[in-house]
Structures are given as structure tokens and as C-alpha cells.
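Here are my notes on this one, as promised. Have a look at the model first, then read on.

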Amino acid sequence: MVYRSKIAVYRSKNANMNPIEDISALRALLALPLLPGVGQRRAKDIIKHYGSAAAFLSSTPSPEGCRAALERADKELDFIQKHRLRVYSFDEDDYPQRLAQCPDCPLLLFGKGNLSPNTGKFVSVVGTRSPSDRGRQLCRELVTGLAEQIPDVTIVSGLAYGIDVTAHRTALELGIPTIIIPGHGLDRIYPYMHRQVAIEALENGGILTEYMSETEPVGPNFVARNRIIAGMADAVVVVESRDKGGSLITADIAFTYNRDVFAYPGRPNDQQSAGCNRLIKHSQAQLIECADDLIAAMRWKPKKAGDDGYQTALDQLFVELIPEEQMLLDILHTNNEGIHVNSLVAETRLPYAATSSLLFQMELRGLVRSLPGGIYRALR
């Protein structure tokens, strides 16, 4: 396996490759923002003035701060090599070009997975961490509608609880790429319970972060990463949000970036949608009610039923049910008001954990809906 970019090449012991190129350019890029008084924004100005980070460092005396920065850069180089990460520099062609247009884009991005950050259309989907059943369903319907009509769409979000992870899971279920933007380094996944989602995303999409390894998932990092979620997108959709929250920060940033921002409306007194209503009220977001509205507003040409590959997303979504799923669905169809999970366990004689897992997968595929109090209802 080989990590390769325009600024660095690594070679494994067994790889039959050309000699390793000089990695001083990447080392310098890693070290530059770590210098006292530099930081991300000034680092980019320095590079533009000197031509490269290496040129600046080579013309600067080596005080203790410079040595410390280079030592930290060496440690990160080892981490990059060990985990075969892709490093994107803000001045490279393969850096996410939408994000590169933003004045505060990160100097570097660290990525893992099958990433194509400049291919196709990008929709960032954000919202509350505590969505209602309606919010989850709207999120699933949005991603499903996009997958059906815009096959080259990529879903971007932050892996947080609620709307974020619902968007990622639905994209993975439908077989369309999804990119996770965390608020920490790639030596961990937060929240940990979403680790499997992150692993699956590596096969179709991946993870991108501006943070080096050993960066803790603290509040300010999540606020800062919202600009990446906003900047990478053609369109940002707020599915459901209270009057305050990270999704509104993302929407505000996207608005300043001149991105198209959309929001689902809620009832006037619905606190779950107060943030969405405010965005619409103040003309910071366009009102949408479905994926069709977004596609029309963006003037994207939807895939038609006769086009090759149109059924791909649907075929992946509506796969044949396994016997246990069919049994659960048959029982749920006997009561339109829904059935408690404990009753389903008793009737099927399946373990509680297995029943819950099956119901969760069926919910992602739009076959059942979870209601408050552990109640499930069949949708099809």
C-alpha cells in the first residue's frame, strides 16, 4: 500500500516503487501553523509570500518553538504513514475546490476512505441532535429522493447524534457516497457508538478533518468544523433545528459563503423547528418540503425512470427481506397503531437485542417507523 500526493510519497518495505521523494514539504506544512503566533490563517499568508512553508522555515532561525513544531510534525508524519492517510493542501488541485473558495478554508485536510471531494454534487445535511420522528423521516426521505434522482450526489455531515447520523446511515443504505467531517483527529471516532457508520463510510466516501491526531473532540472544534461542512457543499439543508445549535451555525456560515441554504418548515409553535422557521423568516434559507424542491431550486437535472442506472438506489434500498424481518413486518401489519418492542420480542421469540437491531435496519429502509415509548408501526 502506498500513500501518494503531490507533496509527499511514502513507500512500504515490500512495495516496488520509485525512491521516496523528499517529504520536507509536507513536514514544513505540518509544522508551520504550530509555530508560536502563526496559526492557520497566517500560515497561508506566509506560504503565499515565501512560495512554500519549507522556504519560510529554511530562512528562519530555529528557536525552541520551531524545533518543537518540527518534532510534532515528525510525529504526525509517522501517523499519516502508518494509517495511509491522504493529505490535501489548500493550494493543490485535488483539495476540495468548493472549500478552497472560502477565505478561512483549512491549510491541510487529512482524509481516509474512497474520497472524491470534487466529483459530483454535494449536499450537506444537518439538524438537531434530538430530532422528532418527523425530523428523522424527513431526513431519510430527503436523502432517498436525492439518491433516486441525482446518482452522483454525495451527502456530507458531521456524524453527530440525530439528523447527522441519520443522513449518513441512509446514504450508506442507498449506496451513495457520504463524507464525515469530525471535530477531532483520525485516531478516534466520536461519538464512539457511531464507529460502525464511520467504518462503512470508508468504503463509499470517507472521513475528512483539519485536525491532527491526538486532537480531542471538544466544543470549539465542532463549531470550527461546521465551516467545512458548509464550504464543501453545493447546498446545505437544515432538516430540523431548535432556535440554537450547531446546525444553525453551519447554515449561517453557508449563507456567508453564498451557498444555497434550505430548511424544512415547522409549525409556528413547534420548538423543534424554531431554528428552521427563523432561517426561512429572515430569508437565510429557502423553504423546501421534499428532495424535488431542492433539485428544482438547484436546477439539477434529475435522472428519469428510463435512464440507465436509475433503479440502482432503489434496488439497494428495497432488498429481499430475511425471514426474521418478514415475520416482524407481518406482526406489525396486524395493528395499524403500532406494537411495543417487548410484544414483538414475545411473539417472535427472538432475543431483544436482535429484534431491536432488525427494527433499526428496517427503519432505515423505510419499512417501519419508531414511535415514542418503544412502539413500532409498519409503513409498507
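At what angle do helix 14 and helix 16 pack, and how far apart are their axes?

1. Helix 14 (residues 323-332) packs on helix 16 at about 80°, and the axes sit 10 Å apart. The two are therefore roughly perpendicular (65 to 115 degrees). Axes here are lines fitted to C-alpha atoms over the stretch in contact, with angles running from 0 to 180 degrees between N-to-C directions.

2. A caveat before going on: this is a predicted model, where local features need pLDDT of at least 70, side-chain atom pairs count only at pLDDT 80 or more, and totals for chains, interfaces and linings use all residues. Residues are numbered from 1 along each chain as its sequence is written, and side-chain values use heavy atoms, leaving out hydrogens and water.

3. Helix 7 (residues 163-174) also packs with helix 16 (residues 352-364), at an angle of about 80° and with axes 10 Å apart. That makes helix 7 roughly perpendicular to helix 16. Arg-169, Thr-170 and Glu-173 of helix 7 meet Phe-360, Gln-361 and Leu-364 of helix 16 (contact: heavy atoms within 4.5 Å).

4. Now for Thr-178, in strand 5 (residues 178-180); strands are DSSP E runs of at least two residues, helices H or I runs of at least four, numbered from the N terminus. Thr-178 counts as buried because its relative accessibility is 0% (buried: under 20% relative accessible area, 1.4 Å probe, protein chains only). Leaving aside residues up to four places away in sequence, Thr-178 touches several residues, including His-168, Leu-172 and Asn-204.

How values were computed
Buried means under 20% relative accessible area, exposed over 50%, partly exposed in between (1.4 Å probe, protein chains only). Angles under 35 degrees count as roughly parallel, over 145 as roughly antiparallel, 65 to 115 as roughly perpendicular and the rest as oblique.
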